[in-house]
Amino acid sequence: MNRPDRREFLQTGAGGFAFALAPEWLAPPPRASEPLAIGLVGAGRQGRAILGELATLEACRVAAVCDSDGSRLESGARRVQGAQSFASHREMLEKLPALQAVVVATPTHLHRAIVEDALAAKKHVFCEAPLASTVEDCKAIARAARGAGTLFQAGYQARSNPIYQLARSFVRSGVLKDLALLRAQNHKKTSWRTPGSTPERDKELNWHLDSALSLGLEGELGTHQLDAVHWFLGRYPVSVRGTGSIRCFQDGRAMPDTVALEFAFQDGVRLLYSATLANSYEGRFELFAGSNAAVKLAWTAGWMFKEADAPTQGWEVYANRQHFHNDEGITLIADATKLAAQGKLKEGVGLPHTPLYYALEDFVRSVAESKPVACSAADGARTTIVGILAHQAIAQKSEVAIDPALLEDE
Amino acid sequence: MILRLAAAAMGTRFELVLAPRDARDEVRLRAAGEAALERVEECDRRYSLFRSDSLVSLVNREACAREVRLDEEAYALFEVCLDAWRASDGAFDLTAGVRCQAPAAQTQQEPGTELDLASDRDDADGAWLRFGPPSRCLAPYRLDPERRTIRLLAPDASLDLGGVAKGFALDQAAAILRENGLGLALFHGGTSSVVALGAPPGSKGWSVRLAATGERLELCDAALSVSAPHGRTLERDGRSLGHIVDPACGASAPLGLSAAVSGPSATLCEVWSTALVVLAARGAHAPGLPTGYAARVSRASLSLPSPALAP
């Protein structure tokens with residue numbers, strides 16, 4: 001691996017990103033002459049969070065909310081002034097031709113039909129991730145997006161997150177030196193159930209506990225973290241193995257509530273991943289460990305932990321630090337040098353917006369400025385396919401090879 | 001059979017007590033309870049002053065300089081708080097932490113945003129307020145009903161929803177429980193704000209004790225909030241100062257005061273329990289509470305006329 005000296009690092013590495021990234025992510029979102037008219041399909045938990053973020057973006061307006069469930073539709077529509085309500089996305093597309101973009105936040109296995117219809121109607125599409133629950137659907141979505149003539153952004157949020165952008169340039173500049181190990185986890189105590197008023201409705205709402213429809217913890221949650229790893233490294237694992245079991249919620253479910261996976265990359269580097277619904281300790285993070293330093297990312301914050309023998313970087317004099325038991329983490333803050341000069345370094349800790357906001361803002365900006373999206377359909381499909389194979393590895397209790405041909409564009 | 005669920009949010013612990021009939025019912029109740037707690041966590045993410053990515057932090061960063069757009073939920077909440085500011089003659093104020101700073105800030109108030117307290121009073125006996133010299137109080141922020149935006153009206157203003165966010169989260173969470181058919185539950189946030197659904201079998205309500213007075217209440221389909229300056233204090237010049245500040249003068253309300261308000265909405269209970277402490281500190285009589293609310297203000301040396309608390 002390259003070992004940039006300090007001058008080179010300051011030009012291309014952390015010193016560079018501390019200055020270079022700030023203007024873009026601190027700038028207010030673009031304001032087109034007319035706000036982008038958006039229709040939201042799926043007003044569940046994620047859909048409602050999306051509505052909250054879209055409301056603060058000046059460059060767009062939510063013109064329609066769509067959900068097949070009456071109470072969810074009402075709850076979603078209540079959050080938006082003047083939005084029309086629809087029980088079906090086809091009705092929405094038919095009755096609102098002025099709609100310019102569609103945000104898809106339905107259960108994963110329902111994405112494909114909605115995406116294909118929206119793209120066929122010449123709408124720009126933001127689709128929550130994972131993109132689909134089968135390889136075939138992933139490929140179909142990628143094909144539809146490629147030939148649509150409108151923009152498609154997959155909802156993997158790390159690529160829009162300023163802290164992750166900062167950390168990625170860091171990792172790719174070689175500051176970690178020899179990459180040894182990757183770790184990631186998503187631990188949160190919850191039954192992951194949604195209450196339903198009838199047994200039928202209960203089954204419908206709890207699709208993520210249904211092995212036939214859901215990609216489980218590793219796919220539905222884990223692929224967001226996998227995508228960060230793929231994006232940072234610029235490559236995909238070649239195999240995956242894992243185990244899953246029910247450790248906490250013996251409530252009739254078949255889907256494991258605890259999983260552990262090992263992804264192998266071509267060069268021998270391993271990503272160790274775990275997810276559990278039994279315990280919340282340390283929540284969700286990704287860790288890139290190299291022989292000079294480790295970078296830990298937790299979505300709204302990030303840190304670098306240096307080895308004692310690692311060279312000192314010039315910008316470290318400005319650094320804000322946090323202690324974690326015996327370790328000292330240097331907080332990753334975009335625009336750190338400038339904030340330090342103003343005596344406001346601590347104010348830069350943490351993101352000023354949610355990771356979801358940045359993903360949606362990127363989408364709206366891409367449409368307004370006809371710029372490439374943060375995460376394309378092809379990139380989103382590749383990460384989703386790796387997640388699908390990870391899900392298979394747990395179900396089959398065996399190692400699954402990840403054929404590079406499967407990840408190629410058709 | 002009792003099922004207890006909890007979540008850490010807003011710097012405190014929210015706890016929910018449910019009573020499932022059997023193991024099968026427990027699965028259903030746990031799912032509904034978790035949905036309610038997730039709503040609390042969502043409120044924390046949106047309204048916390050201590051999260052850089054919250055909506056309140058966005059407003060505090062940007063709404064002094066420009067109008068910030070809100071979704072309907074946030075707009076409605078800020079509207080309720082502005083109404084309470086008017087109704088309490090400024091005793092309840094989301095910007096209380098910075099309001100004491102400023103004649104300079106007040107001179108920059110935009111035209112048409114002032115509320116003349118003298119002319120807006122509607123008290124029958126005309127004796128319930130004893131403000132200091134200022135007879136005009138300044139609106140903390142302006143809401144645009146057309147554009148659904150908020151604008152802070154002092155250059156250095158910032159909002160702190162504090163207990164109101166807790167009450168709002170409890171209201172939202174209780175609504176989720178009701179939507180899911182739960183009629184029996186007790187839900188509290190940091191023990192200072194509580195919502196009771198239904199009444200345990202054989203009782204008129206959930207038994208709740210007021211720590212300040214030792215009084216026991218039975219709550220049924222109602223919320224209760226208690227505010228007391230001693231709940232959070234800081235030391236200054238060898239003195240303990242409570243966290244409730246009179247927005248009109250910046251003075252900390254005396255320790256030992258406390259106000260309890262019960263009624264249908266935990267949000268309004270939080271609003272009015274804070275306002276009543278401030279009004280009591282001013283030596284003022286309490287204004288008329290919204291219909292359906294009852295309050296009690298207590299201090300050894302102070303007893304304010306107010307409706308009885310128990311329903």
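A:E58 forms a salt bridge with B:R66, and the closest N and O atoms of the two are 3.6 Å apart. A salt bridge here is a side-chain nitrogen of Lys or Arg within 4 Å of a carboxyl oxygen of Asp or Glu. The pair crosses between chains: A:E58 sits in the loop between α4 (45-56) and β2 (60-66) of chain A, and B:R66 in the loop between α2 and β3 (68-69) of chain B. Helices (H or I, at least four residues) and strands (E, at least two) are DSSP runs, numbered from the N terminus. Side chains of opposite charge can pair when their charged atoms come close.

This is a predicted model, in which local features need pLDDT of at least 70 and side-chain atom pairs count only at pLDDT 80 or more, while totals for chains, interfaces and linings use all residues. Residues are numbered from 1 along each chain as its sequence is written, chains are lettered from A and ligands numbered from 1 in the order in which they are written, and side-chain values use heavy atoms, with hydrogens and water left out.

Now take the interface as a whole. In contact (heavy atoms within 4.5 Å) are 28 residues of chain B and 29 residues of chain A. The area buried between the two chains is about 2200 Å², with 45% given by carbon and sulfur atoms; buried area is the accessible area (1.4 Å probe) that two parts lose on being put together, summed over both.

Which elements of chain B give two or more residues to the side that touches chain A? They are α1 (23-47), α2 (55-62) and α3 (72-87). The largest share, 11 residues, comes from α1(B). By class, this side of chain B has 8 nonpolar, 2 polar and 18 charged residues. Ala, Val, Leu, Ile, Met, Phe, Trp, Tyr, Cys and Pro count as nonpolar, Asp, Glu, Lys and Arg as charged, and the others, Gly among them, as polar.

Two backbone details belong to chain A. Most residues other than glycine have a negative phi, and most peptide bonds are trans. The peptide bond from A:A129 to A:P130 is cis, with omega near 0°, and A:P130 lies in the loop between β5 (124-127) and α8 of chain A. A:K177 is not a glycine, yet has a positive phi of about 70°; its place is in the loop between α9 (162-172) and β7 (179-187) of chain A.
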